[in-house]
Amino acid sequence: MQGLGVLVAMTGRFIWSMEFTPLRLRNISNALLSITWPLGTCTLILICYLVLNWKYAVGIVSIVGLLCYIPLIFCPESPRYFAFHRKEKEALEILNRMARFYKNPPLPAESLEMDQTSKKQNILKQLKDFFVFPAMLRRTVFLMLCWFVVSLFYYGLSFGWHKMGKNIFASQGFACLSEVVAVTVSLALISQAGRKRTMIMVFLGIGIFFGISIIDHKISSTWTVQQVGCLIVIIFIAAGFSTIYLYTAELSPTSHRGLIMSLCSGTARVGSFIGPYIIHLYDYLDREVVMGIFGGVGLLGAIGTFFLLEDSTGVDIPETPSDIQGTKRLEEEDEEDPE
C-alpha cells in the first residue's frame with residue numbers, strides 16, 4: 001500500500017506541475033521537484049539515525065506524509081486537462097484565478113483554444129490507441145524500459161551500500177549528497193545539451209563508472225575504487241531519474257499522459273523490487289559480475305535512446321497521439337516577450 005501511495009503521489013504531482021509550467025520554465029520546475037527526493041531521503045536517514053526504534057521512525061514519517069495532503073486541498077486542477085475535455089468554464093475559472101494571483105486582467109472566453117476533436121476515453125480505448133499510433137507505442141515501450149533500468153540501478157545501490165561501506169548511515173548520506181549534485185548537473189546538461197543528449201550521457205556515465213567499479217584497488221584505508229565509482233554512478237542515476245520524468249512528460253500527449261506516466265512509473269516499481277535482489281548476487285558471485293551487468297545495461301540504454309527516442313527540447317507538449325507524428329519545434333517567442 002505504501003508503494004502504491006508513492007507511485008500515485010510521485011507520478012501525479014509531476015504530471016500536474018508539468019501541465020502548469022510554460023516551456024521556458026519546465027527544466028527548472030523539474031529540477032525543483034527532483035531535488036525534493038534526495039532532501040527527503042537525507043531527512044529519513046537522519047530520523048532513522050536519531051530514532052533507533054523503527055516503530056517510532058515509521059510513525060514520524062507517516063505523520064509527515066499525512067501533513068503533505070493539506071496543501072493539495074488548495075491546489076487547482078490543470079486547465080490543460082479541462083481544455084482537452086472541453087470543459088471551457090472550468091478551465092477559464094482556473095486561469096482567471098491564476099491571473100488574479102499575478103494581478104493580471106482576466107482572460108476573455110474567446111482566448112481559449114479548445115480541442116474540438118477530443119473526447120473522453122476510458123482506459124481500454126486509450127490502450128487501443130497504442131496500436132493505432134505506432135509512434136506512441138514505440139516511445140512508451142522504450143521509456144518503460146528506461147524507467148525500469150534507472151529504478152533497477154537506483155534501488156540496487158540503495159539496498160547495497162552496506163556491502164560497499166562499513167557505516168550504512170555514512171554511505172547513504174554520501175549517496176544523498178551525490179543526488180543533490182546530480183539534480184544540479186542534470187539542470188545544466190538539459191539546458192545546454194537537450195533532453196535526448198542528456199539521457200544518452202547519463203546512460204553512458206552509468207556504464208562507464210560501473211565498469212570502473214569493477215577495479216579491485218584500495219585508494220586509502222577507508223575508500224576503494226568501487227566505493228568512489230558507485231558514488232559517481234549514483235550521480236548519473238539520479239540525473240537519469242530527474243531527466244526521464246521531464247522527458248517522458250514532454251513526449252506523452254495530454255490525452256494519454258496520465259496512462260503513460262503510470263505505466264512507466266509502474267514499470268519502475270518492478271525494477272525497484274528486482275534491484276535489491278541483484279545486489280544480493282554479491283553473496284554468490286564475484287562483484288565484477290554484478291557491476292558488469294549494471295554497466296552493460298547502461299550502455300544498451302544509451303544506444304537505445306539514440307535510435308528510438310526523439311528530442312523533445314523546444315517542442316510543444318503534444319495534445320493527442322496524432323500530434324506525435326509531426327511535432328514542430330517552437331519559436332522562442334517567450335524570450336522575445338519583454339513580459
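What percentage of the 339 residues of the protein chain count as buried? I found 44%, where buried means under 20% relative accessible area, exposed means over 50% and partly exposed lies in between, with a 1.4 Å probe and protein chains only. I note that this is a predicted model, in which local features need pLDDT of at least 70 and side-chain atom pairs count only at pLDDT 80 or more, while totals for chains, interfaces and linings use all residues. Residues are numbered from 1 along each chain as its sequence is written, and side-chain values use heavy atoms, with hydrogens and water left out.

Entry on the whole chain. I counted 14 helices and zero strands in the protein chain, both being DSSP runs numbered from the N terminus (helices are H or I with at least four residues, strands are E with at least two). For contacts, meaning heavy atoms within 4.5 Å, I looked at those in the chain with a separation of 6 or more, and 77% of them are accounted for by residues 24 or more positions apart.

Entry on helices α6 and α7. Two packed helices are described by the angle between their axes and the distance between the axes. Axes here are lines fitted to C-alpha atoms, for helices over the stretch in contact, and angles run from 0 to 180 degrees between N-to-C directions. Helix α6 (residues 123-132) packs on α7 at an angle of about 105 degrees, with the axes 5 Å apart. That makes α6 roughly perpendicular to α7, since angles under 35 degrees count as roughly parallel, over 145 as roughly antiparallel, 65 to 115 as roughly perpendicular and the rest as oblique. On the α6 side I listed D129, F130, F131 and V132, and on the α7 side P134, M136, L137 and T140.

Entry on helices α7 and α9. Helix α7 (residues 134-158) and helix α9 (residues 195-212) pack at an angle of about 40 degrees, with their axes 12 Å apart. That makes α7 oblique to α9. From α7 the contact draws on C146, V149, V150, F153 and L157, and from α9 on F203, I206 and F210.

Entry on I206. Leaving aside neighbours within four places in sequence, I206 is in contact with F153, V233, F236, I237, F294, G295 and G298. The C-alpha atoms of I206 and I235, 29 residues apart along the chain, are separated by 8.8 Å.

Entry on T198. This residue also lies in helix α9 and is buried, with a relative accessible area of 0%. The side chain of T198 reaches the backbone oxygen of L189 at 3.4 Å and the backbone nitrogen of I190 at 3.5 Å. Neighbours within four places in sequence left aside, T198 is in contact with L189, I190, A193 and T243.

Entry on S312. I located S312 in the loop between α12 (287-308) and α13 (321-324), where S312 is buried with a relative accessible area of 3%. Not counting residues up to four places away in sequence, S312 touches R195, Y247, E250 and L251. What joins the side chains of S312 and E250? I found a polar contact of 2.6 Å, that is, a pair of N or O atoms within 3.5 Å, of which, within protein, one must be able to donate a hydrogen and the other to accept it, and residues adjacent in sequence count only if both atoms are side-chain atoms.
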